[in-house]
Amino acid sequence: MLTMKNIAQAHCDIPCKIYDPCIAQVAALSVIRLLNLIQDVTKGKLDASDISRLSRLTAEKEKECQIVKAEVTIIWGDYFKEPQISEYPNIHDLTHSIMRCASNCKQDLNLSNGEELLALVNQFADIFWQSKGYSTELSAAPYPPSLGVVKPVLEHV
């Protein structure tokens, strides 16, 4: 019979200090890019090839929305503890807004929902980096849709 005298406990799913909202930001940018591509495909009469492409683009948009939700939920649930929540009490409402907006992006093809999703994820990233003691800046992504993403200002050594 195996008995355990010591029980290991952890508060994170992954090793501490390696959280980064950049995956959620890239996913939000991807949602916008996919919405742009979907709009391009649906401008005229659709043939079988267009319908096939539309199906693939829509499926990818759905996946990217799920990535946003998953990444934000992980950071919100595992990283944000009492000290961060006290300093940033709106983090719960912001996270909920991201979840709702990602669902809106899945439900329709409104580009403004994708842009709102990126803005919300950028707010989340800004709070995350500030809670770690970094100032942030908004930089244009180097790929379409070339919109701004919040990133930490790292000191040059």
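The model is predicted: local features need pLDDT of at least 70, side-chain atom pairs count only at pLDDT 80 or more, and totals for chains, interfaces and linings use all residues. Residues are numbered from 1 along each chain as its sequence is written, and side-chain values use heavy atoms, with hydrogens and water left out.

The protein chain holds five helices and two strands. Helices (H or I, at least four residues) and strands (E, at least two) are DSSP runs, numbered from the N terminus. Their order from the N terminus is α-α-α-α-α-β-β. Of the 157 residues in the chain, 36% are buried. Buried means under 20% relative accessible area, exposed over 50%, and partly exposed in between (1.4 Å probe, protein chains only). Contact means heavy atoms within 4.5 Å. Among contacts between residues at least 6 apart in sequence, 66% join residues at least 24 apart.

In soluble globular proteins, nonpolar side chains tend to be buried together. A nonpolar core is here a set of buried Ala, Val, Leu, Ile, Met, Phe, Trp, Tyr and Cys residues joined through side-chain atoms within 4.5 Å. The largest such core has 34 residues, and the members that touch the most others are Val68, Phe80, Ile98, Leu117 and Phe124. Two or more residues come from each of helix H1 (22-41), helix H2 (48-79), helix H4 (91-107), helix H5 (111-131) and strand E2 (148-152). H5 contributes the most, with nine residues. Beyond its neighbours within four places in sequence, Val68 is in contact with Ala24, Ala27, Ala28, Ile98, Leu117 and Val121. A second, separate core has six residues, including Leu37, Ile38, Val41 and Leu54.

Val31 is found in helix H1. Val31 counts as buried because its relative accessibility is 0%. Residues up to four places away in sequence aside, Val31 touches Lys61, Glu64, Cys65, Cys105, Gly114 and Leu117. Val31 and Glu62 are 31 residues apart in sequence, and their C-alpha atoms are 8.2 Å apart. Ile75 lies in helix H2. Ile75 has a relative accessible area of 2%, so this residue is buried. Leaving out neighbours within four places, the contacts of Ile75 are Tyr19, Asp20, Pro21, Phe80, Phe124 and Phe128. From Ile75 to Phe124, 49 residues away in sequence, the C-alpha separation is 9.7 Å.

Aromatic rings were examined next. Rings of Phe, Tyr and Trp (its six-membered ring) pair if their centres lie within 6.5 Å; planes under 30 degrees apart count as stacked, over 60 as edge-to-face and the rest as tilted. The whole structure contains six aromatic pairs. Ring pairs join Tyr19, Tyr79, Phe80, Phe124, Phe128, Trp129 and Tyr134 in a cluster.

Asn113 counts as buried because its relative accessibility is 10%. Residues up to four places away aside, Asn113 touches Cys101, Asn104, Cys105 and Asp108. The C-alpha atoms of Asn113 and Ser103 are separated by 9.4 Å. Ala59 lies in helix H2. Ala59 counts as partly exposed because its relative accessibility is 35%. Its C-alpha atom is 9.8 Å from that of Leu34, 25 residues apart along the chain.

On a 1 Å grid over the protein atoms alone, a pocket is an open set of points where a 1.4 Å probe fits, with protein on both sides within 12 Å along at least five of seven lines; lining residues have an atom within 4 Å of a point. Of the 13 lining residues, Cys22, Gln25, Val149, Val150 and Lys151 are the closest to the pocket centre. H1 and E2 are the elements that give two or more residues to the lining. The lining comprises 10 nonpolar, one polar and two charged residues. Ala, Val, Leu, Ile, Met, Phe, Trp, Tyr, Cys and Pro count as nonpolar, Asp, Glu, Lys and Arg as charged, and the others, Gly among them, as polar.

Two backbone features complete the account. Most residues other than glycine have a negative phi, and most peptide bonds are trans. A cis peptide bond joins Pro144 and Pro145, with omega about 15°. Pro145 is in the loop between strand E1 (136-140) and E2. Ser146 is not a glycine, yet has a positive phi of about 55°. Ser146 is also placed in the loop between E1 and E2. Ser146 counts as partly exposed because its relative accessibility is 41%.
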